[in-house]
Amino acid sequence: MALRVLGIDPGLTRCGFGVVDVEANRRASLVGVGVVGTHSEEPLDQRLLAISLAVDEWLDRHTPDVLAVERVFSQLNVSTVMGTAQASGIVIAAAARRGITVALHTPTEVKAAVTGNGQADKVAVTKMVTRILRLSAPPRPADAADALALAITHAWRGNGLVVSGSARAPGGTVSGLTPAQRAWAEAEARTKRGRR
C-alpha cells in the first residue's frame with residue numbers, strides 16, 4: 001500500500017503544494033501539484049484566509065496520510081520569516097483538525113534527501129524531482145517543485161520533527177497512524193531487519 005504525502009512549501013506570496021504516492025520500494029508517483037499565491041497589497045487576514053481555504057481544499061481532495069512542511073528557519077529578512085511562520089501555522093492547524101500527522105523538514109534535509117547534497121540549488125532539486133517522479137517537464141514554479149521535494153523527503157526518510165499525530169504508546173508501538181502509515185512503518189521495519 002502506498003503512503004500518500006502532501007508536501008507544502010509555506011509562504012504568504014506563494015504557497016506550494018505537492019502530493020505524491022510512494023510505495024515501500026521508494027517508487028514515487030505524482031498525484032497533484034500546484035501553487036496558491038496572494039498579493040502583498042492584500043490585507044494579511046485575507047492572505048491567510050486564502051491559504052487556509054487552499055489547504056482545506058488540498059486536504060479534502062487528496063486525503064493524505066501525512067503532511068510534510070518546510071521548517072521555518074531564521075533568515076535576515078524578518079518579514080519573510082514571519083509570513084512563512086504564519087502560513088505554516090495555518091497548514092499545521094488544518095492538519096490537526098483532521099488528525100493528520102505533520103512533520104517538519106529543513107531545506108538542507110530536503111536537498112540532501114533528493115539530490116544527495118544538502119547545499120544543492122533549486123535547479124538541482126527541480127531536476128531530481130522531475131527524474132524521481134518520471135515527469136516529462138519540470139514542475140513550475142520552484143515552490144511547486146519544493147513542495148514535491150518535501151513530500152518525497154518525508155516518504156524516503158520520515159524522520160522530520162513531528163508536531164502532531166504520532167505519539168508512541170508504551171512498548172514503542174506507534175499509535176494514531178492511518179492504515180497506510182502502519183503498512184509503511186511495518187514495511188520499513190522489515191527492510192531494516194533484513195539488513196542486519
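Before I start, one term: a helix axis here is a line fitted to C-alpha atoms over the stretch in contact, and the angle runs between N-to-C directions. I am also keeping in mind that this is a predicted model.

**Entry 1: the H4 and H5 pair**

I began with helix H4 (residues 122-132) and helix H5 (residues 142-157), which pack at an angle of about 60° with their axes 9 Å apart. I looked up the handedness too, and the crossing of H4 and H5 is left-handed. Which residues make the contact? On the H4 side I found Lys-122, Val-125, Thr-126, Val-129 and Ile-132. On the H5 side I listed Ala-142, Ala-145, Asp-146, Leu-148, Ala-149, Ile-152 and Trp-156. Sorted by class, this contact has nine nonpolar, one polar and two charged residues.

**Entry 2: the loop from H4 to H5**

Next I followed the chain between these two helices. Pro-141 sits in the loop between H4 and H5, and a cis peptide bond joins Arg-140 to Pro-141, with omega at about -5°. I noted Arg-134 in the loop between H4 and H5 as well. Its phi is positive, near 55°, and the residue is not a glycine. Is Arg-134 buried or partly exposed? Arg-134 is partly exposed, with a relative accessible area of 41%. I flagged both spots because most residues other than glycine have a negative phi, and most peptide bonds are trans.

**Entry 3: another positive phi**

I then turned to Arg-26, in the loop between S2 and strand S3 (28-37). Arg-26 is not a glycine either, yet its phi is positive at about 80°. With 42% relative accessibility, Arg-26 counts as partly exposed.

**Entry 4: the H1 and H2 pair**

My next stop was helix H1 (residues 44-62) against helix H2 (residues 78-98). They pack at an angle of about 40°, and their axes are 9 Å apart. That angle makes H1 oblique to H2. The crossing of H1 over H2 is right-handed. From H1, the contact takes in Leu-44, Leu-48, Ile-51, Ser-52, Val-55, Asp-56, Leu-59 and Asp-60. From H2, I wrote down Gln-86, Ala-87, Ile-90, Val-91, Ala-94, Ala-95, Arg-97 and Arg-98. By class, I have 10 nonpolar, two polar and four charged residues for this contact of H1 with H2.

**Entry 5: an aromatic pair**

How many aromatic pairs are there? The count comes to one. Phe-17 and Trp-58 form it, stacked at 5.1 Å centre to centre with 15° between the planes. Phe-17 belongs to strand S2 (residues 14-22) and Trp-58 to helix H1, so the pair ties together parts that are 41 residues apart in sequence. Phe-17 is buried at a relative accessible area of 0%, and Trp-58 is buried at 7%.

**Entry 6: His-105**

I found His-105 in strand S5 (residues 101-105). At 0% relative accessibility, His-105 counts as buried.

**Entry 7: stepping back**

Last, I looked at the chain as a whole. I have six helices and six strands in the protein chain, running β-β-β-α-β-α-β-α-α-α-β-α from the N terminus on. Of its 196 residues, 44% count as buried. Among contacts between residues at least 6 apart in sequence, 64% join residues at least 24 apart.

How values were computed
Residues numbered from 1 in each chain as written. Predicted model: local features only at pLDDT ≥ 70, side-chain atom pairs only at ≥ 80, totals over all residues. Heavy atoms only, no water. Axes fitted to C-alpha atoms, helices over the stretch in contact; angles between N-to-C directions. Helix = DSSP H or I, 4+ residues; strand = E, 2+ residues; numbered from the N terminus. Parallel < 35°, antiparallel > 145°, perpendicular 65-115°, else oblique. Left-handed = near helix turned anticlockwise from the far one by under 90°. Contact = heavy atoms within 4.5 Å. Nonpolar A, V, L, I, M, F, W, Y, C, P; charged D, E, K, R; others polar. Phe/Tyr/Trp six-rings, centres within 6.5 Å; stacked < 30°, edge-to-face > 60°. Buried < 20%, exposed > 50% of the residue type's maximum accessible area, 1.4 Å probe, protein only.
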